[in-house]
Amino acid sequence: MAKRQVEVFTAGCPVCEPAVQLVKETACSHCEVTVYNLNEQGADTARQYDLKTVPAVVVDGTLVSCCDNRGPNAEELRRVGIGRSVGA
């Protein structure tokens with residue numbers, strides 16, 4: 001079964017850590033979560049998504065709309081499918 005690809009982009013700071021925790025707590029076994037600390041890795045990937053702010057969450061190649069300017073929230077993460085199997 002395919003896994004939902006979830007990418008979390010951070011600055012590796014205490015402000016971003018709650019977003020990382022939220023994604024990890026919301027994710028299920030059908031989610032493959034990758035966390036990028038942009039101070040260490042992922043800058044090229046972030047540019048491909050044209051990210052302007054962090055923290056930011058990308059699900060299956062699409063920036064989650066709540067991350068355009070205010071950061072992720074649980075309701076929006078569930079809406080885009082984090083926490084349930086692909087196709088469900």
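Me: Where does tyrosine 36 sit?
Reply: Tyrosine 36 is placed in strand 2, which covers residues 31–37; strands (E, at least two residues) and helices (H or I, at least four) are DSSP runs, numbered from the N terminus. This is a predicted model, in which local features need pLDDT of at least 70, side-chain atom pairs count only at pLDDT 80 or more, and totals for chains, interfaces and linings use all residues. Residues are numbered from 1 along each chain as its sequence is written, and side-chain values use heavy atoms, with hydrogens and water left out.

Me: Is tyrosine 36 buried or exposed?
Reply: Tyrosine 36 has a relative accessible area of 16% and is therefore buried, the term standing for under 20%, with exposed over 50% and partly exposed in between (1.4 Å probe, protein chains only).

Me: And which residues does tyrosine 36 touch, leaving out those up to four places away in sequence?
Reply: With that exclusion, tyrosine 36 touches Glu7, Val8, Phe9, Thr10, Gln41, Gly42 and Thr45, where contact means heavy atoms within 4.5 Å.

Me: Switching to glutamine 48, which helix holds it?
Reply: Glutamine 48 belongs to helix 2, residues 43–48, and counts as exposed because its relative accessibility is 66%. From C-alpha to C-alpha, glutamine 48 and glycine 61 are 9.8 Å apart in space, and they are 13 residues apart in sequence.

Me: What about the chain, in which order do the elements run?
Reply: The protein chain has 3 helices and 4 strands, running β-α-β-α-β-β-α from the N terminus on, and buried residues make up 40% of its 88 residues.
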